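Subject: Structure handover

Hello,

Here is the structure you asked about. Please open it alongside this note.

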Number of protein chains: 2
Amino acid sequence: MSTTQRLHEIVLQARHADFISASERLAPYVMPSPLIAFPGRPGRTLRLKAENLQPLGSFKIRAAFNVLLQAASRRSLSRIATASAGNFAQGLMLAARQLGAQLSVHIPDTAAENKRAALRNMGANLFVHSFTDWWRILMTRETGAAEELFIHPVCEPDVIIGNGSIGVELLEQWPEVDTVVVPIGGGGLAAGIALALRSAGRRIRIVGCEIETAAPLSAARAAGRPVPVNRAPSFVDGIGSNCVLDEMWPLLRDLIDDVVVVSVEQARAAVRTLAQTNHLVVEGAAAVAFAAASSPDFEARNVAAILSGGNIDHRVLCEILSS
Amino acid sequence: MSTTQRLHEIVLQARHADFISASERLAPYVMPSPLIAFPGRPGRTLRLKAENLQPLGSFKIRAAFNVLLQAASRRSLSRIATASAGNFAQGLMLAARQLGAQLSVHIPDTAAENKRAALRNMGANLFVHSFTDWWRILMTRETGAAEELFIHPVCEPDVIIGNGSIGVELLEQWPEVDTVVVPIGGGGLAAGIALALRSAGRRIRIVGCEIETAAPLSAARAAGRPVPVNRAPSFVDGIGSNCVLDEMWPLLRDLIDDVVVVSVEQARAAVRTLAQTNHLVVEGAAAVAFAAASSPDFEARNVAAILSGGNIDHRVLCEILSS
């Protein structure tokens, strides 16, 4: 059985009790994020699931703690590794410290210095690779070092189930929700939420959203398989890879009902509105979800937009606020 | 019996059930604001009650809806009036619209044009007075017009009890809280929270906080009575009047255990930290509460800081973020 089949089959077998257990496991470390009303239009209620308020400013803390707490329940952990330069690695570092484990973080040499410094300050052992070597680690999970356990930042059942705890909370907070709009990075956030909602016996429409500068899920859906796309730089840096991961494709194909592509201008307007009207600082990916869900063209009655994170450079924020 | 005695006596008689009722009454209109963990220091846990996330960006919506829903339960309302140029008037306008009542808002000619426009756009009838005349309305509740009901923005039992709903939520969210830090504007926020906590039989320390540029409660406590203070302008515009209101003094004297005065520099640092670490946009008054509660000198174990609102001019926010 290939890794792809394994991931797909494991998470599709998850029962609602597994998502509830994840929620309970995370309770000491993760806040149930508030669901904030946004002034709607007639016939539509829009609420914002504010994961940007989590510790470290992103939903990734859920996956990081869930995967590590689950691993620690199965074996004693002393050395673990991951390949991520962002919020997931920081979340894993926080979890590793709590469990007394050492964490090696493999990063591409393209990773920003401030992210390297943050990880180093938290106590991670950093290993810097060329982008090609780093991508190979992501694909093969072979780091070349003698770590006990490699934790993939996206394609890992307990990562996806940890993300699903957002779906558990959402159903508790708003049983009438009928549509959820989720930004598509690796796809683990959307897959986790979709699986949690399905496992509860609810057929809630899952809408993925992408930024126009890099929309690999739209391309994969059009082609019927993952295909590389061009990727232009923008301030939206948390989503928009150049290709859907093979391991994630079967899940994203089956679990996501629609995809909306948002323009950079819409994402900028969303950052502005959320700061000025809701007093929330959000990063580009979260702005994309809000922009998609609040668009006049978007059809739904009770919509939740997942504000995935808040880690935006304050210079970018202020440039947007003053434009 | 003077008005002062009336207010004092009415609210001191409020039972815990009155605050619970206010919470229930407000539930359709007001979000239970999230209590957000802030990385603490050894021996101290700090959590933030994020009222800046409320509709209209401030706790004032609680008082506005509570006072109007209570009034509407006693008599039919068609014309009401208030004297406020800020968040309270906007909250009252929102409540008046829900109840189909007309609202007259008496403002001083010093009120900013954007606040006037916001009220006008919401459908308020604006009456502009010289500052002296406006202050007289606040003191006498005589507007000279034939409104059915004048609602004072601060010295009103149902305003204070509405604010107390924050205390009810706080006890539910964190029964172990032992200290609450509250910014002092008119004092109704601090009084409401203190009364709600006392009525639950809890002796929780209530710490008022003020900005160095205008600290009338500190001055009143030193003098044993309200005394005028000098008032220098700063970006902290939601608190810091030039004198404690006579009607509020007996409550503030009896209910507030300590007062902390925060510097403008500390308040600016607090705005920066909350935006960058917690992804929350806060106004000056809320920043003052965070600055007081997070100061190394502040002694407490389980501290909640009330982030009263988020209505900061984005130019001020960005000037602070980039400094």
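Predicted model: local features only at pLDDT ≥ 70, side-chain atom pairs only at ≥ 80, totals over all residues.

Residues are numbered from 1 along each chain as its sequence is written, while chains are lettered from A and ligands numbered from 1 in the order in which they are written.

**The sheet**

Chain B holds an open sheet of four strands, in the order β5-β4-β3-β6, with parallel pairing. Helices (H or I, at least four residues) and strands (E, at least two) are DSSP runs, numbered from the N terminus. Two strands pair if DSSP finds at least two bridges between them. β5 (125-129) and β6 (149-151) of chain B are the edge strands, each pairing on one side only. Neighbouring strands are turned by 25° against each other on average, direction ignored. Axes are lines fitted to C-alpha atoms, for helices over the stretch in contact; angles run from 0 to 180 degrees between N-to-C directions.

Five bridges join β3 (residues 79-83) and β4 (residues 102-108) of chain B in the parallel sense. B:Ala81 has B:Ser104 in β4(B) as its bridge partner. Helix α6 (residues 131-140) of chain B packs on the sheet and touches β3, β4 and β5 of chain B. Contact means C-beta atoms, placed from the backbone, within 7 Å.

**The helix pair**

The axes of α2 (residues 16-26) and α7 (residues 157-173) of chain B come within 8 Å and cross at roughly 95°.

Best wishes

Conventions: Contact = placed C-beta atoms within 7 Å.
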